[in-house]
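Q: Could you take a close look at one part of this model for me? I'd like the strand pairing and the rings that go with it.
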Amino acid sequence: KKNIKNYIFLIKPSIVHSKIDVFTSTALFCNLSILYNNNNLFLSTKIKNLGLIADDYLSSNSSIDLSYQMEILKKFPINNLDLGFNLTYYDSFKDYQYSLSVNKNITDKILLIFNYSSIKKTLSSNHIFTNIFSGMSTGLIINNKFYNLGIGIKSLSDAGYLYCISFDFK
């Protein structure tokens, strides 16, 4: 992390390990970010998933899919509310996806997140209940002195739900 005036340059390395039945996979990658902050208005550009799969499920020489992201976030300190817009280009799909988010600080240590994604258009089914929630996600981020703990869930319509637990070490 490098700060220069209102800009932050960030390299965030990551490791993901997955196990499905007897198959395992491990990926090593990083995200590169440039963030700009001016009076509670945040702009960022990111290159995500720059890396490699070290241990593939089936040794099929898969690669990590790159994505490019632009975000804008406006903080409203009086209401402890953030409104955000995110535009992502997925290199593997050659397609864009946008999302709208509302974040609410419950306390100084707990952030509630709600997100709606345009992925809904590809997830629609014939069941009205799953259509209502497809593309929506929610979660909590718990801030600690040494790390942030994230817990979330996203509806993928008939494909089920995506659950996430993340640690962001400071």
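How many bridges join strand 4 (residues 41-55) to strand 5 (residues 67-76)?

A: Eight bridges do, and the two strands run antiparallel. Strands here are DSSP runs of E, at least two residues long, numbered from the N terminus, and two of them pair if DSSP finds at least two bridges between them. Quick housekeeping: this is a predicted model, where local features need pLDDT of at least 70, side-chain atom pairs count only at pLDDT 80 or more, and totals for chains, interfaces and linings use all residues. Residues are numbered from 1 along each chain as its sequence is written, and side-chain values use heavy atoms, with hydrogens and water left out.

Back to the strands. Lys46 has Gln69 in strand 5 as its bridge partner. On to strand 6 (residues 81-90): strand 5 pairs with it in the antiparallel sense too, over ten bridges. Phe76 is bridged to Leu81 of strand 6. The hairpin of strand 5 and strand 6 has four residues between the strands, and Asn80 takes a positive phi near 55° there.

Phe76 also has a charge over its ring: Lys74 lies over the face, at 5.8 Å from the ring centre. That label requires NZ of Lys or CZ of Arg within 6 Å of the ring centre and within 35 degrees of the ring normal.

Ile151 stands opposite Ile165 in strand 11. Five residues sit between strand 10 and strand 11, and Ser157 in the turn has a positive phi of about 55°.
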